[in-house]
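Student: I would like to go through the labels attached to this model and see what each of them rests on.
Tutor: Then ask about them one by one.

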Amino acid sequence: MDSGGDSYGEQVVSAIERACESDPRAAVRLVAEYSSYWWSNGLQDEAAAAAERVLSMLGRTVPVGMDEEYLLAVLHGAGSAEQEQLELAQQIVLATTGPFRYSVTVLLWSLLFGPFESAAVVEQVLERNEDGDAWTRAAVELCRGYPGLTSATPGDAAQALRTALGRFRMLDDRWGMFLALTALRDIVDDPVDVISEALELAEKLRADDESGLLFCQRGELYRRRGDLDAAGEDFSWALALAEHADLAETAAAAHIGLARVARCCGDLLTAREHLARVLSKDSDELEDARYEALHELNLLISSEASA
């Protein structure tokens with residue numbers, strides 16, 4: 001999730017790059033201090049660029065007294081970090097006995113590294129940080145309810161996510177609210193209202209990729225309800241967003257959704273046209289989409305045979 005170019009964000013990255021040349025400790029500290037700023041503005045690309053520069057300078061050396069700052073650099077730059085750096089970061093977390101000093105650390109660690117840890121380890125980290133400031137407490141509840149991170153029951157997870165949503169709403173943290181809503185959609189019985197609120201936030205956050213997927217999910221829910229007009233509108237919005245942002249997988253999902261809507265409406269020719277758009281693509285990333293399109297095509301052929 002990235003809200004796009006930000007001149008101030010680029011200036012921050014430049015300042016960190018300059019600090020790498022003259023004051024390495026200051027560079028690491030800047031990455032940590034700007035972590036919340038990057039988070040709240042959806043500037044993952046800027047964060048990754050700054051962290052990558054710092055990690056290339058530090059290598060596997062953790063500056064004395066700056067364990068958590070190093071950890072944050074690895075969390076932001078995880079996509080390009082060396083295996084040894086990732087292992088060092090995990091050692092820092094396991095060796096920490098008290099709460100983190102930076103509020104954003106618990107959330108970034110839980111979402112990035114938590115899925116690869118046991119539920120017990122994640123819960124220990126959350127417990128150490130549940131008495132932090134208001135934002136940290138919201139983040140802890142978000143992680144406690146997030147799918148796959150803890151052993152919470154679906155009911156407890158839903159309650160934790162609703163608590164996180166309320167706290168992030170009071171703090172006016174849109175990214176936190178968005179994450180809570182997108183996690184809630186997978187465990188509530190009727191997620192249409194949850195997805196609709198998430199879509200409103202995604203638009204404000206300029207998160208086109210997330211918006212496209214959410215439109216597809218809500219469109220499919222509408223289709224299953226029999227509200228084909230609403231479904232077609234959502235899939236059309238998803239397709240427009242995907243084509244504008246060059247999101248091939250989302251475009252394929254939208255085409256398949258529109259094909260299903262057309263088939264349900266009896267417009268088999270339009271359905272075939274949408275499926276043909278997906279089946280004509282041969283990139284590896286669309287292999288699953290092509291398989292799904294073939295399945296839909298078989299349903300379409302059956303519909304034609306019985307017509």
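Student: Why is E69 called buried?
Tutor: E69 has a relative accessible area of 4%. Buried means under 20%, exposed over 50%, and partly exposed in between, with a 1.4 Å probe and protein chains only. The 4% of E69 is under the cut-off, so E69 is buried. E69 sits in helix 5, residues 67-76. A helix here is a DSSP run of H or I with at least four residues, a strand is a run of E with at least two, and both are numbered from the N terminus.

Student: What does E69 have in contact with it?
Tutor: With neighbours within four places in sequence left aside, E69 is in contact with V28, R29, A32, R101 and Y102. Contact means heavy atoms within 4.5 Å.

Student: What should I know about the origin of these values?
Tutor: This is a predicted model, in which local features need pLDDT of at least 70 and side-chain atom pairs count only at pLDDT 80 or more, while totals for chains, interfaces and linings use all residues. Residues are numbered from 1 along each chain as its sequence is written, and side-chain values use heavy atoms, with hydrogens and water left out.

Student: Why does E82 count as partly exposed?
Tutor: The relative accessibility of E82 is 36%. E82 is in the loop between helix 5 and helix 6 (83-95).

Student: What makes the pair of E82 and R60 a polar contact?
Tutor: Their side chains come to 3.2 Å. A polar contact is a pair of N or O atoms within 3.5 Å; within protein, one must be able to donate a hydrogen and the other to accept it, and residues adjacent in sequence count only if both atoms are side-chain atoms. The 3.2 Å is within that limit, so the pair of E82 and R60 qualifies. The two residues are 22 apart along the chain, and their C-alpha atoms are separated by 8.7 Å.

Student: Why is helix 7 described as largely enclosed by the rest of the structure?
Tutor: Because six of its eight residues are buried. The buried residues of helix 7 are T105, V106, L107, L108, W109 and S110. They pack against helix 3, helix 5, helix 6, helix 8 (119-129) and helix 9.

Student: How many residues of helix 11 are buried?
Tutor: Ten of the eleven, and helix 11 is mostly covered. Among the buried residues of helix 11 are G176, M177 and L184. Packing partners of the buried residues include helix 10, helix 12 (192-204) and helix 13 (208-225).

Student: How many aromatic pairs does a search of the whole structure find?
Tutor: Six. Rings of Phe, Tyr and Trp (its six-membered ring) pair if their centres lie within 6.5 Å; planes under 30 degrees apart count as stacked, over 60 as edge-to-face and the rest as tilted. One of the pairs is Y34 and Y37, at 6.0 Å centre to centre and 80° between the planes, which is edge-to-face. Y34 counts as partly exposed at 23% relative accessibility, whereas Y37 counts as buried at 18%.

Student: What makes W175 and F178 an edge-to-face pair?
Tutor: Their ring centres are 6.1 Å apart, with 90° between the planes. The distance is within 6.5 Å and the angle over 60, so the pair is edge-to-face. Being three residues apart in helix 11, W175 and F178 are separated by about one helical turn. W175 is buried at 2% relative accessible area, and F178 is buried at 2%.

Student: Why is D246 called exposed?
Tutor: Its relative accessibility is 69%, so D246 is over the 50% cut-off. D246 has a positive phi of about 60° and is not a glycine. The loop that holds D246 runs between helix 14 (228-245) and helix 15 (248-264).
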